[in-house]
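Trainee: I am new to this structure. Could you take me through one part of it closely, and tell me how the terms are defined as we go?

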Amino acid sequence: MNRKKLKRRSFWINTFLLFFIGILTISTFSLMTMATKKDNASTSEANKVTVPTKIMFNTSESDIPGIKIVTETSTDASAPFVLQYPQTEYSTHNKAVFQYIERAKENYLTKTQNGKVEGDLTISYEIISHSSKKYSIALTTNRVIGEASEQQRIESFHWNLETGENFTIKDVLENDSKHLMMLSTLVRHNLYNNSTLSNEFSQDKIRLETQPTWENFDQFVVTDKSITFYFAESEEEIGLVNSIVTTIPLTTINELLAEPFQLLIEEDEVTQAPAETTKKVALTFDDGPNPKTTVQILEILNKYDAKATFFMLGNRVQAYPEIAKQVREEGHEISNHSWNHPDLTKLSTEKVQREIQDTNTIIEMVTGEKSTSFRPPYGAVNAAVRQQTNLPIVLWDVDTLDWQDRDAHQLLVNVKRDVKGGSIILMHDIHQSTADGLDAVLAYLQSEDYTFVKASDL
Ligand code: NI
């Protein structure tokens, strides 16, 4: 009975073993075949990267008549890419784009060592139109090589679709290097005041990248409203980051723009001969412009046919260029009150110079007129500050203390107390109480036969 059982068991075991050996043989054989196949496959892939063969081209229409979009795709397993870029019927347009695409591709294939290092490359496009039939093309290149983090940069091209020509930043700025210098100043201030960027990049770095050379400003896109600049961290090769970006409204730089890019603004120059009397006073307004209160003050000055002097801050001129322009257009005088309102006697010579020079620059840029004088913030001035400007320094003898009282009625009380022929009256066009109290002040001064002149006419 026992034997029989054993015999029977060994029969089943034998059958199972035979079956198992069979399966093993088949699997081993098929595994070997697969391995051989895989070997062949990877050899042929390696060859493909050296001379990429699996590249597909596809062309389609864009939203803009005359611009087609080319899509170039490589399905290569270790170094794939998708490149999309616009083309027109003009070889002048196409050549530059092709050259960039070829350079980006070559550089990428070199960096991935023909597929030994895994990578990814995509280039996408954006077409930005300007009403003068001028188009900016922004190609965004995203590149990954091996473990390195993704890198992005933007390369711009500028097409005139009517003539087939390219345009550059020189064409936008009337080919005038003085305009470029002013733009550079403005861009720097935008960047210094951008807290995200100024945390990431030092002022030295920003200054270096925004030096007023045409090359530094050649990466840009322009719309009917604004212009955006891209500054490269390094120009050495493709695929590098240009994360220093800034956008400037065209109203701020209208004076610098060539005709096709200029915004239409009516300009009627008001020139008024100052009245000849012995009882003259100069009304001065500091710390503006302000979009609300400065405009209200202009209305009151206009009512009394009074001309005044506005000591403006560079950063506020930059923020409200239209208001600064309006002040100038209504025949008032614009003067320099520094960029950020610091106590200049506590700053380095270099910083003082920048506070004054940059404010001069933006005032001239926005209003088309140079600053006529300079008033240091808090009236704080010493020999070192004086040395930094040739402008006459204008202080005051009647301090209305409007910034402290913030009381419309008190304004007149304080003026009455101190005013005399030849007085320079200090007020601030950024306080509502000053705008509200000014009418009474002007009514009083007029009734006392005072005439209102600009500070430089006293
Ligand atoms: Ni001030």
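Mentor: Happy to! Let us begin with how helix axes are described: axes are lines fitted to C-alpha atoms, for helices over the stretch in contact, and angles run from 0 to 180 degrees between N-to-C directions. Helices (H or I, at least four residues) and strands (E, at least two) are DSSP runs, numbered from the N terminus. This is a predicted model, where local features need pLDDT of at least 70, side-chain atom pairs count only at pLDDT 80 or more, and totals for chains, interfaces and linings use all residues. Residues are numbered from 1 along each chain as its sequence is written, and side-chain values use heavy atoms, with hydrogens and water left out.

Now to the helix pair. The axes of α7 and α14 (residues 432–447) come within 9 Å and cross at roughly 5 degrees. Contact means heavy atoms within 4.5 Å; on α7 it involves Thr293, Gln296, Ile297, Ile300, Leu301 and Lys303, and on α14 Gln432, Thr434, Ala435, Leu438, Asp439 and Leu442. These residues of the contact divide into 6 nonpolar, 4 polar and 2 charged. Here Ala, Val, Leu, Ile, Met, Phe, Trp, Tyr, Cys and Pro count as nonpolar, Asp, Glu, Lys and Arg as charged, and the others, Gly among them, as polar.

The loop between β10 (280–286) and α7 (293–303) holds Asp287.
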